[in-house]
Structure formats: C-alpha cells, structure tokens
Amino acid sequence: MTTSGVELRSATSPDELRVAVLGVGKMGAFHVDSLSRRTRGARVTVVSDFVDEQAHRVGDPIGARVVADPLEAIRADDVDAVVLASPGAAHHEQVLACLEAGKPVLCEKPLTVEASTSLEVYRRESELGRRLIQVGFMRRFDHEYAQLQRLIATGEFGAPLMLHCTHRNPDVPDFFDSQFMIRDSVVHEADTARFLLGEEISAVTVVKGRPTSSAPAGTSDPMLVLFEAESGALVTIEIFVRTGVAYEVRTELVGERGSATIGLDQNVVVKRPGGTWGGTITPGFVERFGQAYDDQMQRWADAARAGIASGGDAVDGPGSWDGYAAAAICEAGVAAVVKGVRVETGMDPR
C-alpha cells in the first residue's frame, strides 16, 4: 500500500501531531507509512519495537527516533499521541500508560487480551472525563460497511433479522489454532455486527465441522460461529483461514423487506476466448482494507489534534467500550470452542 513516487514530508508545522508507533512489524510498519505519506497533519517522531533492528529499519528512513522502552516512548516530550501495534499482551500496560500521560492512543485490536482488563481500561478512561482511546476496528471506515450501516439505520429493509458473514484467509501460521481464530479473526465480526445492528451480542455458539487437511492437528478450520444479538437478530460467521485461495470478507444483511450484500470484491470481471470469465480477489487484508486503514488514521489524527487543543475527547471511531465488548464476545467464543456449548457474553452494563 506504499504510495510510490511520493516524497516524505520533511517540514513540521506547529500544529502537526507528533506520533509514537509502538510495534513496527507488518501492521505497525504500514501505520508508519500511512502517517508519513498519506496522513495530513501528523508525523512519526518515535518508533519502538522489541527487535531493535526492525525499529531502525522502519524509523531511520523517516528520521524517527528509536526508543527501546515502550513506556519511555509514550512519555517522551516529542510525542503527542500514540499508535499501538504491539502484541496484544502488552496493550493493557501501554494503554494505561497513555491514559496516565493524557495522550490520545489508537490501539490495534485487541484493546486487551481479557474482558476484565478491557473493562478496567474503560472504567479508568471514564474517570478522566474525556475519551482518549480509539480501537483499530478499521472496517467501520470501509465505504461498503459504512453504506450498509446507513441503509440499516434508515429502516429501508425493516428490522434486521440476520447477518451472514464470511471471513476467509488464504493461509496463516500453525499457531493460528481454533481459539486464535476467534480472538484474531472473528473479533472483526464481533465489532462489525455491533456496528451494523446497533446493539450488543448476548451469546455465542460455535459449531466445529470437518477440518481442512491443511489445518494442524487439533485445530477446527473452518468453523461456524453464531452470535445472538439482544433483539434476537442472528449473526452467522464462516471462519476459514486456510483456504489456499485469497482474502475474502463478505457480509449479507437479511431484513424484513429485503437484503443487501457487501464485499463481493471481484474487481474487473473479464470474459476471454474459450469461455473463461472471472475477476481477481484481493490477496490480503491490507489490499482489501487499505482505504479503510488510511481513512481511520486520518480521522484519528484529526480527532487527536482537536482533543489536545480543546482538552476534550480525542476519538473519532470505536472506543474503549467497543474494545471491551469485542473482548467479552471473543472470550465467550473461546469458551464455546472449548466447551462445545452456547455461552452468554455476560457483559457488564454500560
């Protein structure tokens, strides 16, 4: 997704948001590129990663300082806001450090790895009286998801009855077991279902079928996941992360008076001599959701700058409550995988 031929900005205006990016693997490096090349009013001043060589590989070309200690990076005087793309297990401590420093943070999912710690983060932020945490559920910024959400909100289709979701990856590492599939992949459907339906998820059921031969022993891939929303609307999710084909994410809304589908993603469809026809499916999540990631970053940077200037909220998107809700849904989903039964999410009231 790097924009070739575009020169990196070198000048820093007084109102430019100075950002530290923590964790500069594939996702963090993409965020650094987005902030450096495609986001107005922001600049990466500090990068931090537990692999020093990787931190320099990403930070040196843009003139960013490399700081080994992520907490030191958060507290740095030349940092106004933080992007967290570090491993999920580190998020709890790092997000709380951002709150303590009073700095806006865009945190990649998960907010934390446990529902209890995500709820703690939400409560700590609430005590501040201003919102500083945005969670990186980028699908909310995808044009098709936003359009579908607006269609539902207008009532054109009547009450939403069902969402049918498909989430497929071409391949994943062996550590991507059944529980990881829930926490790392189905977590996106957990948030988008709440976003589209405008309500909480009350229970999760997981059905394990015949696994693909490429799945490691003991891993159920694919699986069918069922969310029950508070209204009674149902959400079905096919999660299949070793298709060997491409990256496919689709959602169909079934309402009282019609249906709508997003994510067909065939791009240009051609017909050739011999009777063949077809399109090209995106190979990975960055290609599919690149626009959403960039729009998310721009809106977050704008909100962070405005929040710093006003002393008010610094969020334009899903916040800490949404991070807690997704964690609670995934925790119930993992329990459903392990126990083989329907599990209620048991969320605290907001």
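A disulfide is a pair of cysteine sulfur atoms within 2.5 Å. Keep that cut-off in mind for the first stop. The model on screen is predicted.

**Stop 1: the cysteines**

Select Cys165 and show its sulfur. The closest cysteine sulfur belongs to Cys330, 13 Å away. That is too far for a bond, because a disulfide needs its two sulfurs within 2.5 Å.

Now jump to Cys330 and look back. Its closest cysteine sulfur is the one in Cys165, again at 13 Å and too far for a bond. The count of disulfides by this rule is 0.

**Stop 2: Asp49**

Next, select Asp49. Find β2 (42-48) and α2 (52-59); Asp49 is in the loop between them.

Which side chain of opposite charge is nearest to Asp49? Select Arg57: it is 8.3 Å away. Asp49 is buried yet has no salt bridge, because a salt bridge requires the side-chain nitrogen of Lys or Arg within 4 Å of a carboxyl oxygen.

What does the Asp49 side chain reach instead? Show backbone nitrogens. The side chain of Asp49 reaches that of Val24 at 2.8 Å. It also reaches the backbone nitrogen of Val51, at 2.8 Å.

**Stop 3: around Asp49**

Finally, display the residues that Asp49 touches, leaving out those up to four places away in sequence. Gly23, Val24 and Gly25 are among them. Gln54 and Ala55 complete the list.

Conventions: Residues numbered from 1 in each chain as written. Predicted model: local features only at pLDDT ≥ 70, side-chain atom pairs only at ≥ 80, totals over all residues. Heavy atoms only, no water. Helix = DSSP H or I, 4+ residues; strand = E, 2+ residues; numbered from the N terminus. Buried < 20%, exposed > 50% of the residue type's maximum accessible area, 1.4 Å probe, protein only. Lys, Arg positive; Asp, Glu negative; His and termini not counted. Polar contact = N/O pair within 3.5 Å; in protein donor to acceptor, adjacent residues only side chain to side chain. Contact = heavy atoms within 4.5 Å.
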